[in-house]
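We will go through a few selections together, one stop at a time.

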Amino acid sequence: MQFFRHAIALSSSALALLLISLSSQANAAQCGNSAGGFEAWKQQFAGEARAKGISASTVQALMATNYAQATINADRGQRSFNLSLDQFLAKRGSATIVSRGRSLKQSQGALFASIQSRTGVPPGPLLAIWGMETGFGSQRGNQNMLSSIATLAYDCRRPEFFTDQLYAALKLIDRGTLSGATRGSMHGEVGQTQFMPKNILAYGTGNLEVAANALSSTANFLKAHGWRAGAGYQPGEPNFAAIEAWNAAGVYQKAIALMGRQIDQGGGAAAAR
């Protein structure tokens, strides 16, 4: 008899959890594939954000966002990741990145030595990422960060991923780390090496518009994703997995590893392959 009472209790508990889950899903902000539902979605999401403790002023910044059509266009048109490695390197200007990277490795040697001593990450991959992401800080994007991320959280393509990013962005605005006016790239990346909000929360060190902070934060990210001092980072070597965590595109990963090795070791592209 005790067994049946226990089973009934479990069933009742499971049913209650199911009803709560269904109710939560019914009340959750609904995604969309055009600008038409964005304002209604913001109203729904704002209520959820307030319930999670986001401040009224930050929610107001969310309500002031616009549907970022340019972000949607960029999200649908990332064709460069389908190029061959040689084509991708040529398109991204790898020779220029390597040349400038070697120069910065020398001129900012103390900074890179300090980062490597603390994290085990050498200058090459950091400089390759910096050069690839923003042209060493010269092209950090001019999109409204919050509008971009809110648009992608609303969009039905990847709402779960960008909903997490949006909550992280709202927390950073609450803390004063970012603002509703912060500018970034098409998907909401900000700073010298283009951090998404969740990664700022987890690995960010100071103002990421400052190169030293961004490079240190990037090294924090790589170390947290398994980087081991002294291990290789070419495809098939232990530290390549940390580069894979930085960006999901295979051709991007190989480009970072190749350029990083060229910066660290010198020599031409043929020697580094």
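How do the residues of the lining of the largest pocket divide into nonpolar, polar and charged? Keep in mind that this is a predicted model. The lining divides into 15 nonpolar, 11 polar and seven charged residues.

**First stop: the pocket.** The volume of the largest pocket is about 1,200 Å³, and 33 residues line it. Select Phe 81, Glu 133, His 187, Glu 189 and Asn 247, the lining residues that lie nearest the centre of this pocket. Next, colour α8 (123–134), α10 (159–175), α11 (197–203) and α13 (240–246): each supplies at least two residues of the lining.

**Second stop: helix α2.** Now select residues 38–51, which form α2. With 14 residues at 1.5 Å a residue, α2 should span 20 Å, and its end C-alpha atoms are 20 Å apart, so the two agree.

Show the side chains of Phe 38, Trp 41, Lys 42, Phe 45, Ala 46 and Ala 49, which are buried. These residues cover an arc of only 140° around the axis, and therefore sit on the same side of α2. An α-helix has 3.6 residues a turn, so residues three or four places apart point the same way. Turn to the other side of α2 to find Gln 43 and Ala 51, which are exposed.

**Last stop: after the helix.** Finish at Gly 53, which follows α2 and has a positive phi, near 95°.

How values were computed. Residues numbered from 1 in each chain as written. Predicted model: local features only at pLDDT ≥ 70, side-chain atom pairs only at ≥ 80, totals over all residues. Heavy atoms only, no water. 1 Å grid on protein atoms, 1.4 Å probe; cavity = no way out; pocket = protein on both sides within 12 Å on 5 of 7 lines; lining within 4 Å. Points joined across faces, edges and corners; volume = space filled by probe spheres on them. Helix = DSSP H or I, 4+ residues; strand = E, 2+ residues; numbered from the N terminus. Nonpolar A, V, L, I, M, F, W, Y, C, P; charged D, E, K, R; others polar. Expected span 1.5 Å × (residues − 1). Buried < 20%, exposed > 50% of the residue type's maximum accessible area, 1.4 Å probe, protein only. Arc of directions from axis to C-beta.
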